[in-house]
Amino acid sequence: MSNIFNTHGELNAANVKDALSQIVKYASVIEDLQPSNAGLSQAASLTDEQRDEMIKQALMTQEGKIALGQAMATPIRRNLDYQGVGRKALVVDPLPQGALPIYDRDIDVAAVVVSSNGASPESRVFGDRVTIPEFEIVSNPTIRIAEVKRRRFNIIDRAQQKARQEIQAQEDANIFAALDFAATQENALQDLSPVAETTGSMSTRNSRLQKSGMLNLKRQIDRWDLVTSKYFLNINEFTDILDWEAAGSGGASAVDPVTQRELLQTGLYGHIFGADIVVSKVVPAGTSYAAADPEFVGVMPVRQDIEVLPADEPKQLKLGFVISEIVGIGIVNPRGVAKGTVA
């Protein structure tokens, strides 16, 4: 055990593979392992100073951080990780180096773009072509080095995951803002909970998402000789659809808990009227969107996809990362988007 490090404080290993093997072996001391584990019996004899030095050396390299993460427990999460769904509505166009985000429009309608500072969408008409401004989405998570040593899970990896989720949520917020603005440029706002029945001279309204409302939303797009391929809903409106399934059957919804969990993780439930149902918490409650195929709606030029760069703050005793992307959002054909609300 005394030959783990040399006189310079470096790990004694023949190569990188050997070093990582030793890191995984000795980092497992962090877990409450049973002494009877033959393969790890020697690791249990490490002193606290040796263990701390091993972790310190491992944190100096990305490979070491990954190896440490493999030996640490997973945290108890507060909720499901967010998954971005906005890109399902648009054509994602990775831009080559130096290429300009300029796109042709083959119909005589105004395009909707998100401005270069990521602010409110705006309508633009530039002849037969539209230039889509680019903007940056950035997250800068930092972690105190002391916290890295205290936690029993890979806090560095978790911080990067949460930052990516934050970027995806910001990206979706911009996409749905553009869809919301474009949806009423050529199509009329629809009532998704129309009058259900008339009793005498009184009309009753069901303040839930109705099938007739979804069909009216689809009709707005279909009348332009387009095909509705997706519905974007909030989880509240999705629950109304589950109620449709249960109606008349006298039982609960046919969607089991496992399928509901996959829904929240992937955002995709199934089909209705030949269109995919996509669920996201970014869609405002009481609002639903219908969209045609991405090539008939808009484009999302990607100058730089999600990238992680180190940004440590040594004076603050913090490890840090800058996670960013450079994208643009443009709804080139507003006829391919329709919006409805539950009254």
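Which residues touch the most other members of the largest nonpolar core? In this predicted model, where local features need pLDDT of at least 70, side-chain atom pairs count only at pLDDT 80 or more, and totals for chains, interfaces and linings use all residues, the answer is Leu90, Ile156, Leu179, Tyr231, Phe232, Val297 and Ile331, out of 57 residues in that core. Residues are numbered from 1 along each chain as its sequence is written, and side-chain values use heavy atoms, with hydrogens and water left out.

A nonpolar core is here a set of buried Ala, Val, Leu, Ile, Met, Phe, Trp, Tyr and Cys residues joined through side-chain atoms within 4.5 Å, where buried means under 20% relative accessible area, exposed means over 50%, and partly exposed lies in between, with a 1.4 Å probe and protein chains only. The largest share of the 57-residue core, 11 residues, comes from helix H5. Helices (H or I, at least four residues) and strands (E, at least two) are DSSP runs, numbered from the N terminus. Apart from this core lies another, of 8 residues, which include Tyr103, Val130, Val299 and Val332. With contact taken as heavy atoms within 4.5 Å, and leaving aside residues up to four places away in sequence, Ile331 touches Leu90, Ala111, Val112, Ala178, Leu179, Ala182, Val297, Gly298 and Val337. In soluble globular proteins, nonpolar side chains tend to be buried together.

A search of the whole structure for aromatic pairs finds 2. Rings of Phe, Tyr and Trp (its six-membered ring) pair if their centres lie within 6.5 Å, and planes under 30 degrees apart count as stacked, over 60 as edge-to-face and the rest as tilted. The ring centres of Phe176 and Phe232 are 5.5 Å apart with planes at 75°, so this pair is edge-to-face; because Phe176 belongs to helix H5 (residues 155-183) and Phe232 to strand S11 (residues 228-233), the pair ties together parts that are 56 residues apart in sequence. Phe176 and Tyr289, in contrast, have ring centres 6.1 Å apart and planes at 25°, so they are stacked, and, as Tyr289 lies in strand S14 (residues 287-292), this pair links H5 to a part 113 residues away in sequence. Phe176, Phe232 and Tyr289 form one aromatic cluster. Both Phe176 and Phe232 are buried, Phe176 with a relative accessible area of 4%, and Tyr289 is buried at 2%.

Strand S14 also holds Ala292, which is buried, with a relative accessible area of 2%. Ala292 and Thr228 are 64 residues apart in sequence, yet their C-alpha atoms are 4.4 Å apart in space. Among the residues that Ala292 touches, not counting those up to four places away in sequence, are Ile221, Leu226, Val227, Thr228 and Gly336.

Ile221 is one of the buried residues of helix H6, together with Gly213, Met214, Leu217, Lys218 and Gln220.

Two loop residues, finally, deserve a mention. Phe273, in the loop between strand S12 (268-272) and strand S13 (275-279), has a positive phi of about 55° although it is not a glycine, and Phe273 is partly exposed, with a relative accessible area of 31%. Leu317, in the loop between strand S15 (299-310) and strand S16 (318-328), is likewise not a glycine and has a positive phi of about 55°.
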